[in-house]
Amino acid sequence: LIRWSLAQALSKEGYQVTSVEDGSKAIEAIKKQNFDFVITDLVMPELDGWKVLETIKQTKSPSRVIVITAHGMEDTMRMAKEKGAWAYVEKPYLIEKIKEIISEVLNGEYGSNLNFCSS
Amino acid sequence: MASMDPISISALLNDPLNFQNVPGYPDTRSLKVGHFAILKGKFTRFINPRISKILINSINSNLVHFLLNTMRRDKGNMVKILLADDDNNFGTVIKNELEEERHAVDVVNDGVEAVLRFINNVYDFVLLDIRMPRLNGTDALRIIKRINPEVPAITFSGKAGDLEMAESVRCGAMKCFRKPFEIAQLKNHIKSYVLK
C-alpha cells in the first residue's frame, strides 16, 4: 500500500515511476533501465532492501537510493547512510518527505527529468 | 431590471462579502473568490483575495439572483469530506485527489478523532479506513450514523477480511473498497452523491 501511495503521488507530480513488489524484481528493473532514484523498503520478500542497495552500489552509474525505514529506527538510518543510501525516509510521512527531497533535487543541479523505481 | 443604489462592500482577505444590505435580500449572503461581481463598474469574476475593498458601482436584482445562484452552484459541487485513515501516505494521496476535484477534505488518523470531528463539524461525506487504532472504522461509522443517519459513507481496508468489510456495509457504508482501489471509483461515488 505504501508502494501504491508513493507511485500515485509521484506519478501525479509528473515523474515516470516503475513500481515493483520485491527486491529481486527491483534488481531486474535496475538492470534493464537507468533510474535517477530507487526508493526501497528494507524489509521485503525474496531480496531485502539491503541487497538492493548493495547491488545498486556495484553498478557503473548507481542510482540515488532512498531507503524507507520504520519510525524511530536511528541505527537503521545510520547504517543505510553508511552503506551508501542517498537519503532515508520514515514510513509515516513518506510522501511529504520524498516530495521535499525531490524539490531539493529540482532546485539543485539535476534538472527535472527524474525517473523513479519504487520497491 | 430595477437598478439599485451603488453599494460599497468591504472584504478582508478570505472574509465573506455581505449582501445583507441589498434590498430584498436581508439574509447574510457571502461572496467568495470565484464568484461574479461588478468590480469598478466591470462585470468580473472575483479572483483576487488580496483586494481589501470592492466597490460595486451598480447592482440590480437579476445580478443578485445570478450571484446567489452561482454561490449555490459552487457550494453544491464542493463536498465537505471527513477522511479517517491511520496510513498517512494513503490519506495524503486520497486527500490530494479529492481536493483536485474542489472538495474540502479533513483528515484524521483514528476512529475516535473521526467521531469527535464529526460531532463538532458538518460533513457531507465520510470516508473511513476499517482498521484504525483506538476505534475501528466500522464502530466509528456506527456512532456517526447515530448522529446523522443520512450522511453517506464509504469504508475501505487493506487488511480487513471479507466479513469485516461486509460488516461495515451492514453498518451503513454505501460501499467498502479493498485497498488499493481505483481512485476514479471513489470520485464517481462522490460525484453521484453531488448529482443527487
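Is B:Arg102 buried or exposed? B:Arg102 is exposed, at a relative accessible area of 60%; buried here means under 20% relative accessible area, exposed over 50%, and partly exposed in between (1.4 Å probe, protein chains only). This is a predicted model, where local features need pLDDT of at least 70 and side-chain atom pairs count only at pLDDT 80 or more, while totals for chains, interfaces and linings use all residues. Residues are numbered from 1 along each chain as its sequence is written, chains are lettered from A and ligands numbered from 1 in the order in which they are written, and side-chain values use heavy atoms, with hydrogens and water left out.

- The predictor gives the complex an ipTM of 0.72 and a pTM of 0.67.
- Chain B has an average pLDDT of 73, and 61% of its residues score at least 70; pLDDT is the predictor's confidence in each residue, from 0 to 100.
- Over residues 1-62 of chain B the pLDDT is below 50, yet beyond near neighbours in sequence this stretch has 113 contacts in the model (contact means heavy atoms within 4.5 Å).
- Where pLDDT is low, the predicted coordinates should not be read in detail.
- Within chain B, confidence is lowest in strand β1 (residues 3-4), at a mean of 32, and highest in strand β11 (residues 125-129), at 97.

**Chain A**

- Chain A has five helices and five strands, and from the N terminus on they run α-β-α-β-α-β-α-β-α-β. Helices (H or I, at least four residues) and strands (E, at least two) are DSSP runs, numbered from the N terminus.
- Of the 119 residues in chain A, 43% are buried.
- Take the contacts in chain A between residues at least 6 apart in sequence: 59% of them join residues at least 24 apart.

**Where A meets B**

- On the chain A side 14 residues are in contact with 13 residues of chain B.
- The two chains bury about 1,100 Å² between them, 59% of it on carbon and sulfur atoms. Buried area is the accessible area (1.4 Å probe) that two parts lose on being put together, summed over both.
- In chain A, A:Leu1, A:Trp4 and A:Lys12 lose the most area to chain B, together 49% of what that side buries.
- There are two salt bridges between the chains, a salt bridge being a side-chain nitrogen of Lys or Arg within 4 Å of a carboxyl oxygen of Asp or Glu. One of them pairs B:Glu100 with A:Lys12, with the closest N and O atoms 3.1 Å apart.
- Helices α1 (2-12) and α5 (94-106) are the elements giving two or more residues to the side of chain A that touches chain B. The largest share of that side, six residues, comes from α1(A).

**Loops to look at in chain B**

- B:Asp110 sits in the loop between β10 (104-108) and α3 (111-120), and counts as buried at 10% relative accessibility.
- A polar atom of the B:Asp110 side chain lies 2.9 Å from the backbone nitrogen of B:Val112, and one lies 2.8 Å from that of B:Glu113.
- Leaving aside neighbours within four places in sequence, B:Asp110 touches residues including B:Ala84 and B:Arg134.
- B:Arg134 is in the loop between β11 and α4 (137-147). B:Arg134 is exposed at 61%, and has a positive phi of about 65 degrees although it is not a glycine.
- B:Arg102, from the opening question, lies in the loop between α2 (88-100) and β10, with phi near 70 degrees.
- The peptide bond from B:Lys179 to B:Pro180 is cis, with omega near -15 degrees.

Conventions:
A polar contact is a pair of N or O atoms within 3.5 Å; within protein, one must be able to donate a hydrogen and the other to accept it, and residues adjacent in sequence count only if both atoms are side-chain atoms.
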